[in-house]
Amino acid sequence: MKEDIFVLKGKRLAELQEFCASLGLEPYRAKQIYQGIYKNRYSSLEQFTTFSKEVREKLKANASFPEIQLGRELISKDGTRKFTFEVEPGKEVETVWIPSGDGDRKTICISSQVGCTLNCAFCATGLLEYKGNLQTWQILDQILQVEKIVQDRATNIVFMGMGEPMHNYFSVLKAAHILNDKDGFCLGAKRITISTAGVTTGINRFIENKEPFNFAISLNHPNPNARSSVMDVNDKHPLEKLLETARRFTQELDRMITFEYVMIPDVNMGRENAERLVKIARSVNKCKINVIPLNTDFTKWRRPTEEEVGEFVSYLRAKSGVPILNRRSPGRDINGACGMLALKGTRNEKIVQT
Ligand code: SAH
């Protein structure tokens with residue numbers, strides 16, 4: 001890709017309009033480009049056949065139409081598929097296609113950064129070297145490429161792959177708006193979920209801008225004095241502040257917020273932690289909690305047993321007064337489940353688990 005050349009992908013319609021005007025092209029061309037990318041799924045300027053050769057040549061000379069490059073593909077027994085993409089030379093991310101058992105819901109889990117600056121003790125992505133933010137087109141191209149490969153369309157998008165979305169706020173939100181836009185991917189705002197490890201500055205910005213998307217906070221520890229020991233983000237954005245921001249979210253936007261909670265025996269389970277979590281749920285009130293058993297095995301910790309999960313979840317269900325969802329972890333056999341995205345494997349291979 002040539003440096004500094006205008007990238008047609010990942011731009012809002014207004015930006016394309018301005019660009020077309022700068023080239024002396026008619027204003028309606030901008031919408032044709034926008035729809036060509038997201039509705040017609042064109043992958044090169046050659047496919048814009050309604051454009052005269054002259055218009056196409058002008059665009060080719062002044063803009064680029066890049067694609068991220070597929071590296072590996074891993075296919076799980078449960079139908080989950082994990083893809084590694086090279087977004088730029090030497091910069092790889094992972095993207096996961098997650099069909100539900102009944103096939104009604106098809107989720108794509110996308111990355112927002114190459115690696116992550118945070119270092120959550122249970123998450124494999126934190127072990128990678130951080131190599132920067134993704135641009136909006138690189139975020140959206142994960143979806144365009146995956147949908148082309150699987151020959152299907154996602155019903156839901158979650159910003160829960162590699163990276164901390166609030167550390168790449170503007171590119172992430174721009175991508176979410178193009179996903180939501182009727183001339184873009186035309187996905188309902190409630191089908192788009194943005195997740196944060198708890199960067200309160202980003203959450204506040206999200207509230208102030210009255211963003212319509214679903215929002216999740218990876219809470220993961222209910223004790224203000226212990227949360228930093230598993231999530232370093234808590235040093236800068238302490239739990240009390242985070243919960244205050246979560247309450248602000250539910251009050252000002254009048255919407256439910258989701259808490260994600262990775263269950264780790266001897267770390268954040270047991271009665272005391274369950275009690276603290278119940279208090280948090282009651283104080284935020286308009287929330288639901290998704291619990292997830294620890295997926296990774298590189299840590300000193302183990303996955304909870306069925307009984308441990310059962311006990312923890314029953315207590316929360318009995319006392320919290322909020323919905324508790326015990327999340328399945330699809331794609332564990334291909335390291336495609338939550339917390340497992342860490343670029344393991346060899347380039348250009350395709351592995352199918354049977
Ligand atoms: N940085 C953002 C986006 C990543 S979402 C965030 O933290 O929200 C990834 C989700 O997977 C988070 O909810 C995280 O808590 C969860 N997770 C991380 N490691 C995990 C593991 N080993 N097992 C289960 N879930 C994990």
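Author: Helices (H or I, at least four residues) and strands (E, at least two) are DSSP runs, numbered from the N terminus. The model is predicted, and for that reason local features need pLDDT of at least 70 and side-chain atom pairs count only at pLDDT 80 or more, while totals for chains, interfaces and linings use all residues. Residues are numbered from 1 along each chain as its sequence is written, and side-chain values use heavy atoms, with hydrogens and water left out.

The ligand comes first. It is surrounded by 22 residues, and the closest are Phe-122, Ser-195, Ser-218, Asn-295 and Thr-296; a residue is near a molecule or strand if one of its heavy atoms lies within 4 Å of it. Eleven residues of this shell are nonpolar, nine are polar and two are charged. In this sorting, Ala, Val, Leu, Ile, Met, Phe, Trp, Tyr, Cys and Pro count as nonpolar, Asp, Glu, Lys and Arg as charged, and the others, Gly among them, as polar. Strand E10 (192-196), strand E12 (257-263) and E13 each give the shell at least two residues.

Three atom pairs involve a nitrogen atom of the ligand. A backbone N or O atom of Phe-122 is 2.8 Å from a nitrogen atom of the ligand. For Glu-164, an N or O atom of the side chain lies 3.1 Å from a ligand nitrogen atom. With Cys-338 the distance is 3.5 Å, again from a backbone N or O atom to a nitrogen atom of the ligand. Taken alone the ligand exposes 550 Å², and the protein buries 95% of that. Such accessible areas come from the Shrake-Rupley method with a 1.4 Å probe; for residues, only the protein chains shown count as cover.

The UniProt annotation "binding site", from an unreviewed entry, covers Cys-116, Cys-120 and Cys-123. UniProt positions are given in the numbering used here, feature names are shortened, and annotations may be inferred rather than shown by experiment. Cys-120 is in the loop between strand E7 (113-114) and strand E8 (132-133), and Cys-123 is found in the loop between E7 and E8 as well.

Why does Cys-120 count as buried? Its relative accessibility is 11%, and buried means under 20% relative accessible area, exposed over 50%, partly exposed in between (1.4 Å probe, protein chains only). Cys-123 counts as buried because its relative accessibility is 19%. Not counting residues up to four places away in sequence, Cys-120 touches Val-230, Met-231 and Asp-232, where contact means heavy atoms within 4.5 Å.

Two asparagines in other loops remain. Most residues other than glycine have a negative phi. Asn-285 has a positive phi of about 70° although it is not a glycine. This residue is in the loop between helix H10 (270-284) and strand E13 (287-293), and Asn-285 counts as exposed because its relative accessibility is 54%. Asn-335, also not a glycine, has a positive phi near 55°. Asn-335 is in the loop between strand E14 (324-326) and strand E15 (350-352), and its relative accessibility of 25% is why it counts as partly exposed.

Methods. A polar contact is a pair of N or O atoms within 3.5 Å; within protein, one must be able to donate a hydrogen and the other to accept it, and residues adjacent in sequence count only if both atoms are side-chain atoms.
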